[in-house]
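Biologist: Could you take a close look at one part of this model for me, the salt bridges and what lies around them? I would enjoy a walk through it, residue by residue.

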Amino acid sequence: MWAMAAKEFRELSRDRRTVAMLIALPLLLLVVFGYAASFDVGTIKTIVVGPQAQQFVNAAETYPGSPINIVAVRPSDGLAEAEDALRRGQATVVVVADQNRPAILIDGSDLFGARAAVEAFTSLKSRSGPGTNIPTTLPTPQILFNPDLKTSTIMVPALAGMILVFVGTIATSLGVVRERQSGTLEQLAVMPFRPVDIFVGKVLPYLVLAVLDMTLVIGAGIVIFGVPFNGNPLIFALGAALFLFVTLGLGVLISTVSETQGQAIQLALMTLLPQILLSGLIFPLDSIAWGVRWISYFLPLTYFVEIARGVLVRGAPIDSLVTPLVAETVLGGLVFALSVLRFRRDLAPAGNEGRDKATAAPR
């Protein structure tokens, strides 16, 4: 028994990836759930517009415990500009401080921020009255884009991204590693194919599969759960294509550093879990402590969630999504370049070996 246990320990010590997963993954989950597992929104980004904008700002500042965080004051803007600011994702709340047409507009696509905003402004209204700077006629908050605050409205677009990560990363890495284990990758290396031809040929089926999966999820969400599609489909397609560019490259990159399918699954899970937990898919980014939140900005799913919710729910224009689109492009370029270089290096030794064998073979 002790001999078998010692043998198992020795084999485990040689498998560095498994040891790293057994040690690093629990620590990762502990840190993530300790600092990120929160639905509480501490600050609510707010823009104040209208002729009495400064008066409202002065009144709100008399309540330092309020989560309302005023990020911009625009006295010359009105109701139309307020709605446009929400559509572009510039804030969670826009207050129209106009005695003729006062309004409090809340972005319903930011589910937890919207709920916190309704509670904050309800509390603010309860403190209004004689002796305060807050008017007693503070309007009832109006929720745009997701008026019923339905969870499915914000989850379905994000789930499409999670499915793309699963197909692009796990399925692609397993497919390429399977070729290596079966020996067919060496056979492909000695054939008259360029490495880029093999690379694209391996990736293309998973690209088609991912597109079909995404179409099914979005279609089912619209038909079954009533998820709106308020934006331009071409903008959504562009964001999805750039995101697939990243995930497929990541899958190939994982396959180039994995010798077996088990190792590929381990590495894929270690890249998948942070994206699910830190991308804003489940927990709002504003509730994540900055010591962990910075990781979110290196995760491609963070930007796809922003694009998907912006296009589908708010109908955001493309100029308001430049930042996530550029971020996806940069990440995709880096990951794809690394994966192609690694893939070419894996093929080169196999190709040389095959050519050496062919040269040494008797005629």
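Modeller: Let's start with Asp 84, which is partly exposed, with a relative accessible area of 31%. This is a predicted model, so please read each value as computed from it. The partner of Asp 84 is Arg 88, and the closest N and O atoms of this salt bridge are 2.9 Å apart. Arg 88 is partly exposed as well, at a relative accessible area of 24%.

Arg 88 also forms a salt bridge with Asp 319, where the closest N and O atoms are 2.6 Å apart. Taken together, Asp 84, Arg 88 and Asp 319 are linked in a network of salt bridges. A search of the whole structure finds two salt bridges.

For a look at helix α4 itself, which spans residues 79-87, turn to Ala 82. Ala 82 is buried because its relative accessible area is 0%, and the cut-off for buried is under 20%. Leaving aside residues up to four places away in sequence, Ala 82 touches Val 49, Val 94, Val 96 and Leu 105.

Terms used
Residues numbered from 1 in each chain as written. Predicted model: local features only at pLDDT ≥ 70, side-chain atom pairs only at ≥ 80, totals over all residues. Heavy atoms only, no water. Helix = DSSP H or I, 4+ residues; strand = E, 2+ residues; numbered from the N terminus. Buried < 20%, exposed > 50% of the residue type's maximum accessible area, 1.4 Å probe, protein only. Contact = heavy atoms within 4.5 Å. Salt bridge = Lys/Arg side-chain N within 4 Å of Asp/Glu carboxyl O.
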